[in-house]
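Good morning, everyone, and thank you for making time for this.

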Amino acid sequence: MTVTSNAPRIGLALGGGGARGLAHIPVLEALDDLGIKPVKIAGTSIGAILGAAYASGLSGEAIRDIALETFADRNSVLSRLWQLRPRKFADVFKPGPVQFDPERVLEVFVGAHLPDRFEDLDIALRVLATDFYGCQEVDFEAGPLLPAVAASVAIPAVFKPVRHDGRLLVDGGAVNPLPFDGLQDTCDIVIAVDVVGAPVPRADKDDISMLDSLFGSAQILMQTVTAEKLKRVQPDILIRPPHDTTRVLDFMKADKILAASEILRKETKEKLLALTEKTMTLSF
């Protein structure tokens, strides 16, 4: 199925949510199924990674293959993580948990699949991060790509903040977990994919672990930010995978996450076709 040149301009917002963000992939595949390419993508955190990959020209299917291959073998993942160990002996004994350099993580895991600069992308991309001390959103749309994405994914307690222009930047989800705002100015239809999720009780546990408490609280905060924004403005299409017990760092469950989110592929196509029925001519 292909779309003729009179198709409406599509904007795509890919939200943050850690490993749950792999659910973005079926949505990308749905657009491919329809022969539709967004004119602009906005991404936060994991949405920035997948948005950059899709904007670079990779298909949804190719991104799926990369994700499954990357996390298919635990030993391979551990080997890559070993490359990210602290280089300085003193860093091992710093108080608190070891924090990874997000740009190094991206270089090791996805660097080979991304271009160097925003200007090298096939689709316009906006990447969101948070100015930690400025308490405000920071947007990237030009210049080096990997540092911008690194800032967007810098989840506190997991990754070190990224220094940029005298500021310390952290995860974009702190201020804008679902970055569909702004796309309406240049797009006819805006699709927003919200993968934040919410804390879900675990059948095998009566209490809440430290990590579940930390990341679950972050989910609640991001859900609150998005809910308040949705009271003022809404995307044309809102896609949300079901809440489940997937944790923010459960990337080793990539196959299960993708299988559970496969329903989003059909949902995206149905909603988009219904919305564009009167404005888009399809040829089969």
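Predicted model: local features only at pLDDT ≥ 70, side-chain atom pairs only at ≥ 80, totals over all residues.

Let me begin with helix α6, and with what lies around it: the buried residues of this helix pack against α2 (46-55), α3 (60-70), α4 (74-83), α7 (145-152) and β6 (162-164).

Which residues of α6 are the buried ones? Helix α6 runs over residues 102-109, and its buried residues are Pro 102, Val 105, Leu 106, Val 108 and Phe 109. They lie on the same side of α6, because they cover an arc of only 165 degrees around the axis. At the start of the helix, a side-chain oxygen of Asp 101 comes to within 3.0 Å of the backbone nitrogen of Glu 103.

Gln 99 is partly exposed, with a relative accessible area of 32%. If we set aside its neighbours within four places in sequence, Gln 99 is in contact with Ala 157, Val 158, Phe 159 and Lys 160, and its side chain reaches the backbone oxygen of Phe 159 at 3.4 Å. For a sense of scale, the C-alpha atoms of Gln 99 and Val 190 are 35 Å apart in space, while the two residues are 91 residues apart in sequence.

Now to the pockets. The largest pocket has a volume of about 1000 Å³, and 41 residues line it, with Phe 71, Val 105, Phe 159, Leu 249 and Phe 251 lying nearest its centre. How does the lining of the largest pocket divide into nonpolar, polar and charged residues? There are 36 nonpolar residues, four polar ones and one charged.

The second largest pocket holds about 840 Å³ of space. Of the 43 residues that line this second pocket, the closest to its centre are Leu 214, Phe 215, Gly 216, Ala 218 and Gln 219. Helix α8 gives the most to this lining, with 11 residues, and β4 (124-131), β7 (167-171) and α8 each supply at least two. By class, the lining of the second largest pocket has 22 nonpolar, 11 polar and 10 charged residues.

Strand β4 leads me to Arg 126, which has its place in that strand. Is Arg 126 buried or exposed? Arg 126 is buried, because its relative accessible area is 6%, and the cut-off for buried is under 20%. Its side chain is joined to that of Asp 139 by a polar contact of 3.2 Å. Not counting residues up to four places away in sequence, Arg 126 also touches others, among them Lys 40, Ile 41, Glu 137, Asn 176 and Asp 181.

Two further buried residues deserve a moment. Ser 45, in the loop between β3 (40-44) and α2, has a relative accessible area of 5%, and a polar contact of 3.0 Å joins its side chain to that of Asp 171. Gly 60, in helix α3, counts as buried at 0% relative accessibility. The C-alpha atoms of Gly 60 and Glu 29 are separated by 4.5 Å, although the two residues are 31 residues apart along the chain.

I will finish with backbone angles. Most residues other than glycine have a negative phi. Cys 135, however, in the loop between β4 and β5 (136-140), has a positive phi near 55 degrees, and Asp 165, in the loop between β6 and β7, has a positive phi near 50 degrees. Cys 135 is exposed, with a relative accessible area of 63%, and Asp 165 is exposed as well, at 65%.

How values were computed. Residues numbered from 1 in each chain as written. Heavy atoms only, no water. Buried < 20%, exposed > 50% of the residue type's maximum accessible area, 1.4 Å probe, protein only. Helix = DSSP H or I, 4+ residues; strand = E, 2+ residues; numbered from the N terminus. Arc of directions from axis to C-beta. Contact = heavy atoms within 4.5 Å. Polar contact = N/O pair within 3.5 Å; in protein donor to acceptor, adjacent residues only side chain to side chain. 1 Å grid on protein atoms, 1.4 Å probe; cavity = no way out; pocket = protein on both sides within 12 Å on 5 of 7 lines; lining within 4 Å. Points joined across faces, edges and corners; volume = space filled by probe spheres on them. Nonpolar A, V, L, I, M, F, W, Y, C, P; charged D, E, K, R; others polar.
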